[in-house]
Structure formats: C-alpha cells, structure tokens
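Look over the model before reading on.

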Amino acid sequence: MKRGKRYVEAAKLVDRTNLYDAAEAISIVKKASVAKFDETIEAHIRTGCDGRHADQQIRGAVVLPHGTGKTVRILVFAKGPKADEAQAAGADFVGAEELIPKIQNEGWLDFDVVVATPDMMGVVGRLGRVLGPKGLMPNPKAGTVTMDVTKAINDIKAGKIEYRLDKTNIIHVPVGKASFTEEMLADNFQTLIDAILKAKPSALKGSYLKSVTLTSTMGPGVKLNVAKLVN
C-alpha cells in the first residue's frame, strides 16, 4: 500500500521495535497528526477474550473526563413525559414508532447514539437489522436503555463512550482529538484503560490485554508496553 509523504514522515517518529509507555506514545501520536483537520486519536486494544463465548464478552461505557472532542447527536426513543424530559435534557431527536419507517425505508441515520426507555425496546427491536451492524442499538450495559434519560443524555454529552469487542476480539475507541493537550489525552486514556481492566471477564484464562496501540486518523500506530498498563 503506497503511503503519502506526510504519513512516511510521521512514521519516522515511531520505532517499530519499541513498546512505549503511555505518555511517550501520546506525545508521538500528537506529533504524527499532520493532517489538515483535527484528527481523532484512537486506542485499539487486542484482547485474549473469545467473544463467541457469552462469559467472555466485554461491553460497557465510560465517561472520558475531557470528552471526545466530537459533537454527538442523540436520538431518544420515548413517549409522553419521558419524551418531554429528553427534549428538555438536550436530545437532538425524540420520537417513537413514527421514526421506524424513516430509519428503515428512508435510511435516515443522522445520529451518533440511540437512547431508549425500556418500554420502547419492543419498537427499537424492529430496527435491529439497521442499528445493530452500526453499533447503534441501545443496551442496558452501556446505559442507553434507561428510564433516567436526563442522566443518559448528560453523560453522553459529557464524553461518554461505549466499548465492546469486535468480531476479532479487538476494542476500538476514541480517546480525544489531536488538538487536545497531552495531559487531557493521558487522563482520557487512563480512564478508558481502568474501565477495561475492571471489565475483565472472570471466565478468561490466559492474558487479557494482548496489545494496545494508539493512533490518529491518518497517522501511524504506536504500540504501548502492556505490562506497564496492567500494573
């Protein structure tokens, strides 16, 4: 794969044979973010879990202290007073059954997170085929199926992110933007790692975190020393 000049220059900052500590990795990733837009800094965490087993699944959410730097559009499925509450809390879109054809037939997906009250999950379930593959289905573990819609909306706007295993047992999550200070990124990254360490499935035998890489949208990956993160 041919890489652009900028990527090649940025890649020179990374010693592929080295495993970095978090502070050093963050510094390099920031320096390597040379695109003309504010790149997202992401963590890619390869686990020793086997997501095919229910007792080795990892899914949860954590509020990053400095947010993700991204404006998140929230859709809430709710009725009556709960719909009013969602509007008051600052949800971007609020609705019920009438949204089903708009999403299913018209392909409307102008939202980043879906929150639903438990009584609406029967309705939302009909959208499983559309929302599921995009990681948008509300889930109690992530705090997006709840009667407390105000808290859910406030948490998401404050920088709550969801983490889960993909099909290859890797967790991919944003930890901020290249414009963030190193301290902000370090705080966010540590908060994420703490949450993921706490989420370790008790059924797992063998090593939990196989590798952790930090990267920016267009930049090279920087591998971290996992042993230092776990201790």
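How are H3 and H7 oriented to each other? They are roughly parallel (angles under 35 degrees). This is a predicted model, in which local features need pLDDT of at least 70, side-chain atom pairs count only at pLDDT 80 or more, and totals for chains, interfaces and linings use all residues. Residues are numbered from 1 along each chain as its sequence is written, and side-chain values use heavy atoms, without hydrogens and water.

**Helix pairs**
- Helices are DSSP runs of H or I with at least four residues, and strands are E runs of at least two, numbered from the N terminus.
- The axes of H3 (residues 80–89) and H7 (residues 149–158) come within 9 Å and cross at roughly 25 degrees.
- Axes are lines fitted to C-alpha atoms over the stretch in contact, with angles from 0 to 180 degrees between N-to-C directions.
- The axes of H2 (residues 22–31) and H8 (residues 182–198) come within 10 Å and cross at roughly 125 degrees.

**Largest pocket**
- A pocket is an open set of points on a 1 Å grid where a 1.4 Å probe fits, with protein on both sides within 12 Å along at least five of seven lines.
- Of 27 lining residues (an atom within 4 Å of a point), the closest to the centre include Asp 112 and Glu 162.
- Strand E6 (160–164) gives the most to the lining, with five residues.

How values were computed
Parallel < 35°, antiparallel > 145°, perpendicular 65-115°, else oblique.
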